[in-house]
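Take a look at the fold below. A short report follows, moving from single residues to the whole chain.

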Amino acid sequence: MTAAGGPTRSLLAAAVLSISQLPDTVLEALFVDLSARAKRLSVPKEVLRLIWDFCADPRRSQVALPVSLSPLVRKQVHILADAMGLEHRSSGNRRKRQLT
């Protein structure tokens with residue numbers, strides 16, 4: 001995945017960086033919500049964490065996700081990336097396809 005449209009990514013980065021200032025009860029509620037979304041999307045928490053960390057780090061311009069993702073998970077991550085305003089593509093063949 002790569003950063004698309006600076007303002008969207010800047011907003012995401014600001015949100016992620018400010019999370020550490022929230023009370024524990026709010027953080028817990030956010031985690032519960034994120035976990036529920038991950039289950040609905042069939043996206044493993046580890047993959048969401050990679051995306052989250054990417055959005056939080058303005059120095060990074062790209063993140064490569066594991067080649068071990070199933071076709072269904074790759075599709076769900078494409079949907080999530082669209083919703084977040086991130087550019088994304090899969091490359092490679094068959095079992096070695098990778099989402100960036």
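Is glutamine 76 buried or exposed? Its relative accessibility is 15%, under the 20% cut-off, so glutamine 76 counts as buried. This is a predicted model, and every value here is computed from it.

**Glutamine 76 and its surroundings**

Glutamine 76 sits in helix 4, which covers residues 71-84. Beyond its neighbours within four places in sequence, glutamine 76 contacts Leu41, Ser42 and Val43.

**Overall layout**

The protein has 4 helices and 2 strands. Read from the N terminus, the order of elements is α-α-α-α-β-β. Of the 100 residues, 30% are buried. Contacts were also sorted by separation along the chain. Among those between residues at least 6 apart in sequence, 65% join residues at least 24 apart. The exposed surface comes to about 6700 Å². Carbon and sulfur atoms supply 58% of that area.

Helix 3 runs over residues 45-56. The buried residues in helix 3 are Val47, Leu48, Ile51, Phe54, Cys55 and Ala56.

Several of these names return in the largest nonpolar core, which holds 16 residues. The members that touch the most others are Val47, Ile51, Cys55, Leu65, Val77, Met84 and Leu86. Helix 3 and helix 4 are the elements that give two or more residues to this core. Take valine 47 as an example. Setting aside neighbours within four places in sequence, valine 47 is in contact with Leu65, Leu69 and Val77.

**The salt bridge**

How many salt bridges does the structure hold? There is 1. Aspartate 53 pairs with arginine 49, with the closest N and O atoms 3.4 Å apart. Both residues lie in helix 3. They are 4 residues apart, about one turn of the helix. Side chains of opposite charge can pair when their charged atoms come close. Aspartate 53 has a relative accessible area of 30%, which lies between the 20% and 50% cut-offs, so aspartate 53 is partly exposed.

**Two serines**

Serine 68 lies in the loop between helix 3 and helix 4. Its relative accessible area is 64%, over the 50% cut-off, so serine 68 is exposed. Glutamine 98 is 30 residues away from serine 68 in sequence, yet their C-alpha atoms are 8.1 Å apart in space.

Serine 90 belongs to strand 1, residues 90-91. Which residues does serine 90 touch, not counting those up to four places away in sequence? They are Arg74, His78, Arg97, Gln98 and Leu99. With histidine 78, the link is also a polar contact: the two side chains are joined at 2.9 Å. Lysine 75 is 15 residues from serine 90 along the chain, and their C-alpha atoms are separated by 9.5 Å.

**Distances side by side**

The pairs described above are collected here.

| Pair | Kind of distance | Value |
|---|---|---|
| Serine 68 and glutamine 98 | C-alpha to C-alpha | 8.1 Å |
| Serine 90 and lysine 75 | C-alpha to C-alpha | 9.5 Å |
| Serine 90 and histidine 78 | Side-chain polar contact | 2.9 Å |
| Aspartate 53 and arginine 49 | Salt bridge, closest N and O atoms | 3.4 Å |

Terms used: Residues are numbered from 1 along each chain as its sequence is written. This is a predicted model: local features need pLDDT of at least 70, side-chain atom pairs count only at pLDDT 80 or more; totals for chains, interfaces and linings use all residues. Side-chain values use heavy atoms; hydrogens and water are left out. Buried means under 20% relative accessible area, exposed over 50%, partly exposed in between (1.4 Å probe, protein chains only). Contact means heavy atoms within 4.5 Å. A salt bridge is a side-chain nitrogen of Lys or Arg within 4 Å of a carboxyl oxygen of Asp or Glu. Accessible areas come from the Shrake-Rupley method with a 1.4 Å probe; for residues, only the protein chains shown count as cover. A polar contact is a pair of N or O atoms within 3.5 Å; within protein, one must be able to donate a hydrogen and the other to accept it, and residues adjacent in sequence count only if both atoms are side-chain atoms. A nonpolar core is a set of buried Ala, Val, Leu, Ile, Met, Phe, Trp, Tyr and Cys residues joined through side-chain atoms within 4.5 Å.
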